[in-house]
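Hello,

Here is the structure I promised to pass on. Please open it alongside this message.

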Amino acid sequence: MPRTTAHVEKVLETAQSSSAAARSRLAASWRRSVQKHGLDPAQRRGPDRVEGSHLRDRLEAFEKFMTVAAPRLDRLFGLLGQSGCAVLLTDDDGVVLDQRFSEADAPVFNEWGLFIGADWSEAREGTNGIGTCLVEHRRIIIHRNEHFFARNTAMSCIDAPIYGCDGQIMAALDVSSARVDQTEGFNRLIGAQVAQTARAIEEAHFRAAYANARIVVAESDDAEAATLLAIDNHDLAVGATREARRVFGLPPAGKLAPRPASDLLGREDGPTGFEKAERAAVIRALSRADGNVSQAARALGIGRATLYRRMKRLDLGDS
């Protein structure tokens, strides 16, 4: 039986089994691809492409985000590009907005549909790294025959979601490999780097969005999540990343209503990471200012009286 035919039959047989979908996330995605999206794993046509004004509108909406992400995409590609990998950034619909791949690999990736404007949503492409990552809100590796379409089974895709300042997914970071000898073990190593880069982009975007606020970093039991809180010059918490929202019991998504930072930071049942980070930031500022409180306050972007109150709350004496 030809390899393509065998893959198609396996996907369709698995997709028809409700018990398989209950046991396996991959099977559940294959089932969605067939029953919810009406896709045929034997389909040969390549990905849909968003073009013209529709693509320009998407690029314009993500312009600031892409500016922040670009150097981190460059760094990731610098690590993986010579290994036959492409680096892609998509929006929350799975449409590719930016890409990095070597000139030698360009014909392969273009043939596969890994180009700017390509729609890799699960609704269009079935089970794949980008689309399934966005649907399931998690890191994911779709290795070769785990793809829904038979035409996509030559690639390995490693993805991580990126969350916006409102706590909702705004992008996916993808590394796709053209190597025929790509192993699952190597995929896991790449996956760790993809997750780290996704977190770096999320943190950088949050800091850029709250450039005039003081950013406090918290400890979290999720080492892969960006856990940041933005505090304005009135000591109000005005922004929080998705993980910070979870840690502090804040609304998981949407614009954050300003609230006194002390209500969050001083909570006895909350994590101590915020207080540790705040104390360390104040001590560093005072050290750099040789103990000059006025100078330290300016460096922190707060008033002298505010810094004195903070020092008192953190049990930091004049010495």
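Predicted model: local features only at pLDDT ≥ 70, side-chain atom pairs only at ≥ 80, totals over all residues.

Five strands make up an open sheet, ordered S2-S1-S5-S4-S3. Their pairing is antiparallel. Strand S2 (96-100) and strand S3 (140-143) sit at the edges, and each pairs on one side only. On average, neighbouring strands are turned by 20° against each other, direction ignored.

Strand S4 covers residues 156-163 and strand S5 covers residues 169-177. The two pair in the antiparallel sense over 8 bridges. In this pairing, tyrosine 163 stands opposite isoleucine 169 of S5.

Last, the loop residue. Where is threonine 153? Look in the loop between S3 and S4. Is threonine 153 buried or exposed? Its relative accessibility is 8%, so threonine 153 counts as buried; the cut-off for buried is under 20%. The side chain of threonine 153 reaches the backbone oxygen of alanine 150 at 2.8 Å. Leaving aside residues up to four places away in sequence, threonine 153 touches Arg3, His7, Arg144, Asn145 and His147.

Over to you.

Best wishes

Note on methods: Residues numbered from 1 in each chain as written. Heavy atoms only, no water. Pairing = 2+ DSSP bridges. Helix = DSSP H or I, 4+ residues; strand = E, 2+ residues; numbered from the N terminus. Axes fitted to C-alpha atoms, helices over the stretch in contact; angles between N-to-C directions. Buried < 20%, exposed > 50% of the residue type's maximum accessible area, 1.4 Å probe, protein only. Polar contact = N/O pair within 3.5 Å; in protein donor to acceptor, adjacent residues only side chain to side chain. Contact = heavy atoms within 4.5 Å.
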